[in-house]
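Welcome! Please take a look at the sequence and the model below, and keep both at hand while you work.

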Amino acid sequence: MRAKTKYVTMPSKTILPERDAAREPVLECVNLGITLGGIKAVEDFNFTLGRTEIAGLIGPNGAGKTTVFNLLTKVYQPTTGTILLNGKDTHGMNTMQVNKAGIARTFQNIRLFKNLSVADNVKAAMNNDMHYNMLSSILRLPNYKREEIAAHRRALKLLSIFDMQDMADVRAGSLPYGAQRRLEIVRALATNPSLLLLDEPAAGMNPSETADLMDNIRKIHEMFQIAILLIEHDMSLVMNICEGICVLNFGHIIAKGTPDEIQSNPAVVEAYLGRKKEA
């Protein structure tokens, strides 16, 4: 079961887990917004995430959740507002630069290199840490060999988080669906993120796989001490793993709070179930 987290209000009026209160937030979004096709897909998104917080971003279909992820990872450039990652303004950064700065992400639709091995999928995410050049790789010079050996060892270590080290040489596209989901998370971790974004990580999973996923997210959080922000429609997963929850509807935040607060919030109930008709 999810342990209750004590939140404290900071001088800036943001609310952070007490354990993160003395440190700079990993993520701050200030008046973030984007207009797509003349429609304000996200507007006035104000959100702060503690350095080791596990938080959820939920809302009905079309609420703007994935658009927020696309803004954070610079798939889209914001129309308005500011994104601070580890205190640094990400304005002008592209997707690769923001990944190098500390954000890693998985997707609703799995995006693996399906014809590569499991280990090679993980090593592909370590590009920022590789220092040999093309000539070294072509000639198989000593520095290339050293870095490749080190990268393979690290890939196996990361795969062991999900007990997948014995699948290292298996073609990624031949893995069962749940294993492909896990591999995508491992590949994201290989970039050394300070913030991990999980976009519907339990999509397509059966209850047993979802329970294993919850355990593994907790394991990742404990091992790496990083912030995790997830989009998820499985409310059992969200309520059992998230410490704080932000609810979007039509591109606007309608509620923030702990799982207990969100479950009893009338605006959230209305967004999901609709307004009750008057008798």
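This is a predicted model: local features need pLDDT of at least 70, side-chain atom pairs count only at pLDDT 80 or more; totals for chains, interfaces and linings use all residues.

Here are some exercises, each with a worked solution.

Residues are numbered from 1 along each chain as its sequence is written, and side-chain values use heavy atoms, with hydrogens and water left out.

**Exercise 1. The whole chain**

Find how many helices and strands the chain has, and what share of its residues is buried.

Step 1. The secondary structure comes to ten helices and twelve strands; helices (H or I, at least four residues) and strands (E, at least two) are DSSP runs, numbered from the N terminus.

Step 2. Of the 279 residues in the chain, 48% are buried. Buried means under 20% relative accessible area, exposed over 50%, and partly exposed in between, using a 1.4 Å probe and protein chains only.

Step 3. Take the contacts between residues at least 6 apart in sequence: 67% of them join residues at least 24 apart. Contact here means heavy atoms within 4.5 Å.

**Exercise 2. Helix H1**

Work out which residues of H1 are buried.

Step 1. H1 covers residues 65-72, and seven of its eight residues are buried, so the helix is largely enclosed by the rest of the structure.

Step 2. The buried ones are Lys65, Thr67, Val68, Phe69, Asn70, Leu71 and Leu72.

Step 3. Just after H1, look at Lys74, which has a positive phi of about 65°.

**Exercise 3. Thr106 and its surroundings**

Decide whether Thr106 is buried or exposed, and list what it touches.

Step 1. Locate Thr106 in the loop between strand S8 (103-105) and helix H3 (118-124).

Step 2. Thr106 counts as buried because its relative accessibility is 2%.

Step 3. Leaving out residues up to four places away in sequence, Thr106 touches Glu184, Ile185, Ala188, Leu197, Leu198 and Asp199.

Step 4. A polar atom of the Thr106 side chain lies 3.3 Å from the backbone nitrogen of Asp199.

**Exercise 4. Two helices side by side**

Describe how H6 and H7 are arranged.

Step 1. Two packed helices are described by the angle between their axes and the distance between the axes.

Step 2. The axes of H6 (residues 177-189) and H7 (residues 207-224) come within 12 Å and cross at roughly 15°. Axes are lines fitted to C-alpha atoms, for helices over the stretch in contact, with angles running from 0 to 180 degrees between N-to-C directions.

Step 3. On the H6 side, Gly178, Arg182, Ile185 and Leu189 make the contact, and on the H7 side Glu209, Leu213, Asn216, Ile220 and Phe224 do.

How values were computed
A polar contact is a pair of N or O atoms within 3.5 Å; within protein, one must be able to donate a hydrogen and the other to accept it, and residues adjacent in sequence count only if both atoms are side-chain atoms.
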